[in-house]
Amino acid sequence: QVRLVESGGRSVQAGGSLRLACAASELTFGNICMAWIRQAPGKEREGIASLHTGSGRTYYSDSVKDRFTISQDNAKNTVYLQMDSLKSDDSAVYYCAAGRGVLGQCPILGRFDPYNYWGQGTQVTVSA
């Protein structure tokens, strides 16, 4: 049974940094895409970053590009999201998700149907 467990969410002041982790069990990195998706109250889900664990290709939404970095640690079967220069608009529940990649690439951000496995989410609150 594939399981994804997020951690690292907490309250932080604007301009600060956080690193989220997503530990995957019963999942072999390779032709797998790992994504970070967030949802703020009253807003739609937003795909913000993804990584193909085989090719290493990464993808970012415009809202987080140049501020967030997605990475992987194969030895720990864990994917990270380093978040810098945080803004109040980044406050949300952050989910990681896993799905199959295609030809070394991940689905476009915003497509959630390819992701079969989801974590329970971790809350990030950024105060001004």
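## Cys 22 and its partner

Cys 22 is buried in this predicted model, with a relative accessibility of 1%. Its sulfur is joined by a disulfide to that of Cys 96, at an S to S distance of 2.0 Å. Cys 22 sits in strand E3 (residues 18-25) and Cys 96 in strand E9 (residues 92-100), so the bond ties together distant parts of the chain, 74 residues apart.

Cys 96 is buried too, and its relative accessible area is 1%. If you look along this bond, the handedness is worth noting: the link of Cys 22 and Cys 96 is right-handed, with 50° about the S-S bond.

## Cys 33 and its partner

Let's turn to the other bond. Cys 33 is joined to Cys 106 by a disulfide with an S to S distance of 2.1 Å. Here, too, distant parts of the chain are linked: Cys 33 belongs to strand E4 (residues 32-39), while Cys 106 lies in the loop between E9 and strand E10 (115-118), 73 residues apart.

Both ends are hidden from the surface by the cut-off of under 20% relative accessible area: Cys 33 is buried at 0%, and Cys 106 is buried at 10%. The link of Cys 33 and Cys 106 is left-handed, with -110° about the S-S bond.

## The overall pattern

How many disulfides does the model contain? The count comes to 2 disulfides. Counting the bonded cysteines along the protein chain, the disulfides follow the pattern 1-3, 2-4.

Methods:
Residues are numbered from 1 along each chain as its sequence is written. This is a predicted model: local features need pLDDT of at least 70, side-chain atom pairs count only at pLDDT 80 or more; totals for chains, interfaces and linings use all residues. Side-chain values use heavy atoms; hydrogens and water are left out. A disulfide is a pair of cysteine sulfur atoms within 2.5 Å. Helices (H or I, at least four residues) and strands (E, at least two) are DSSP runs, numbered from the N terminus. Buried means under 20% relative accessible area, exposed over 50%, partly exposed in between (1.4 Å probe, protein chains only).
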